[in-house]
Amino acid sequence: MQTSNPSTKTPVSERQYPEPKHIKLGEIEPPYDHGSTIGYLLFVLCLFAVASIWIMQNSVNAYFLQTYHKDSPLVALDKYPAWKTGGQIGDALYRAHGNFTDAIVAKNTAVAEYFNEHHAYTPEYKHIMAQKAAAEAAERARIAEESRQKELASQYVLRTGDEIFFAGDSMMQGVAPHVQQYLQKNYNIKSVNLSKQSTGLAYPSFFDWPKTIEETLASNPNIKILAVFLGPNDPWDMPDLQTKARLKFQTPEWESAYRARMATILTAAKDRGVKVIWITPPNMKKQQLNEQMIYLNRIMKAELTAYGALIIDSRELLGTSNDVYNDYLVKDGETIKMRSSDGIHFSVQGQKLIAEALQQQLTILP
Amino acid sequence: MDAKASRNALYNHSWLGKVIGIFVTVHFVVFAFVFFRATTWAEAMGIFEALLYNHTNVGWAANPLYMLSIFLIAWLLYPIYTKATPSIVKIGARIPKIVLIPVIFVLLMTVIIFAPSGIPGFIYANF
């Protein structure tokens, strides 16, 4: 079989073309050479290692010192400024990193705070949390107050030759002798007992406690502690000291006048470096008198706290912290009668109980 | 239908199948990770309980959106990166070595600077 037009051309492979002068072919890639590739890789790795150590030199030095407890060999290069430059670059990078991460942390904290403030809690839950926080704060304050009271208590010191001064009404007349006897018998410490029935702070024209106390403290410099126990004779309208106007009991005017009289006593004691232990009145059998004593307790405490005087609450001692009068105290399974039948004064056991509480507050030093 | 085709049957079925497949896979891994990470059964149950019930009145100690957004970016970039890997290699081959080496060095320094100090606890070290 023959084609109609048999080719006269020679086969393609055998043809010769002239090199085109106007086209420049790119350099032909040299063939893959294993040795030079390995060499190149090694060079780059070494370069990276040296450059890394140059920049991280401070970290390397710190690590070396920490691990081997001697200077790293790199320290020898410190004399070349060019070498130190790398360390400065590294420090700058770490500083920049620190600032960057600090900014992120600050931003994240702000986001979390915003969420907690606006979206995390329902109003009811927020209320509960606030109450909890307030209760915790109150508990902390209570503990602080307790330790403060303890510290105050430790400061009620009597040394040989010191005296203690008892002021008050018939309640004190019952309590003071027990303490006096205890101090005299055990420590040979003398005391002054001016307690007088039917007295208080309401009627200075009948008996002026602030004046008496001031005079006694002035005349007897051995007195280091003043113990006061009064109140049941005071819940009445009383005359103002200057104007003689009638101040109605349980009015703000009455309260400020009463507190001023207490302040006179407390200031007189403070001025002479005399510590004050003030026993606040107990609950009373008669309902009206009981309520009056609860009121008096409150204003006494306010004034005494302001002066940093030691408060002994006789209600707590007698087990009537709930402000309900009780003739008896149940202690260690025993029922002890604390009060006399008038519902105001104490049985001998009651007197002793309060006397012991007072004694516990005293530190006797030779 | 051979084994490989049946394994990918849901994924190849439709876009919805694809979504369901990814969803189920991711959630299974996440579910299993709770047991992987917790040291006791009670701890794992505690995590599930928190996941189910701690949706109100829980304050943030830190900002969880930060890591979540980084994960999200990584999640979105990952398929792009896998697809683009050959082209990145090609570009790298074309850049002159005198430029490429400093660029790689800067990347290395960045990794070193950002690396947490000390030896990071490797996840499988828990086994």
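**Close-up views of a two-chain predicted model**

**View 1. The interface of chain B and chain A.** About 1,900 Å² is buried between chain B and chain A, and carbon and sulfur atoms give 74% of this area. The model is predicted. Three residues, Asn57(B), Trp60(B) and Ile113(B), supply 36% of the area that chain B buries against chain A. The contact involves 22 residues from chain A and 17 residues from chain B.

**View 2. Polar pairs and the chain B side of the contact.** How many salt bridges does the rule find across the interface of chain B and chain A? It finds 0. Polar contact is present: 5 residue pairs across the interface meet the rule, with both residues at pLDDT 80 or more. Helix H6 (residues 97–114) of chain B brings 9 residues, the largest share of the side of chain B that touches chain A. By class, that side has 12 nonpolar, 4 polar and 1 charged residues.

**View 3. The open sheet of chain A.** In chain A, 5 strands form an open sheet with parallel pairing. Their order is S3-S2-S4-S7-S8. Which strands of chain A lie at the edges? They are strand S3 (191–193) and strand S8 (310–313), each pairing on one side only. Neighbouring strands are turned against each other by 15 degrees on average, direction ignored.

**View 4. Strand S2(A) beside strand S3(A).** Strand S2 (residues 163–168) of chain A runs parallel to S3(A), and 3 bridges join the two. At one of these positions, Ile164(A) has Ser191(A) in S3(A) as its bridge partner. Helix H6 (residues 209–219) of chain A packs on the sheet. This helix touches S2, S3 and strand S4 (223–229) of chain A. The direction of H6(A) makes about 170 degrees with that of S2(A).

**View 5. Helix H7(A) across the sheet strands.** Helix H7 (residues 252–271) of chain A lies across S4 and strand S7 (275–280) of chain A. H7(A) runs at about 150 degrees to S7(A).

**View 6. The hairpin of S9(A) and S10(A).** Strand S9 (residues 328–331) and strand S10 (residues 334–337) of chain A run antiparallel, joined by 4 bridges. Tyr328(A) has Lys337(A) in S10(A) as its bridge partner. The hairpin has 2 residues between its strands. Which residue in the turn has a positive phi? Asp332(A) does, at about 50 degrees.

Definitions and conventions
Residues numbered from 1 in each chain as written. Chains lettered and ligands numbered in written order. Predicted model: local features only at pLDDT ≥ 70, side-chain atom pairs only at ≥ 80, totals over all residues. Heavy atoms only, no water. Contact = heavy atoms within 4.5 Å. Buried area = accessible area lost by both parts, 1.4 Å probe. Salt bridge = Lys/Arg side-chain N within 4 Å of Asp/Glu carboxyl O. Polar contact = N/O pair within 3.5 Å; in protein donor to acceptor, adjacent residues only side chain to side chain. Nonpolar A, V, L, I, M, F, W, Y, C, P; charged D, E, K, R; others polar. Pairing = 2+ DSSP bridges. Axes fitted to C-alpha atoms, helices over the stretch in contact; angles between N-to-C directions.
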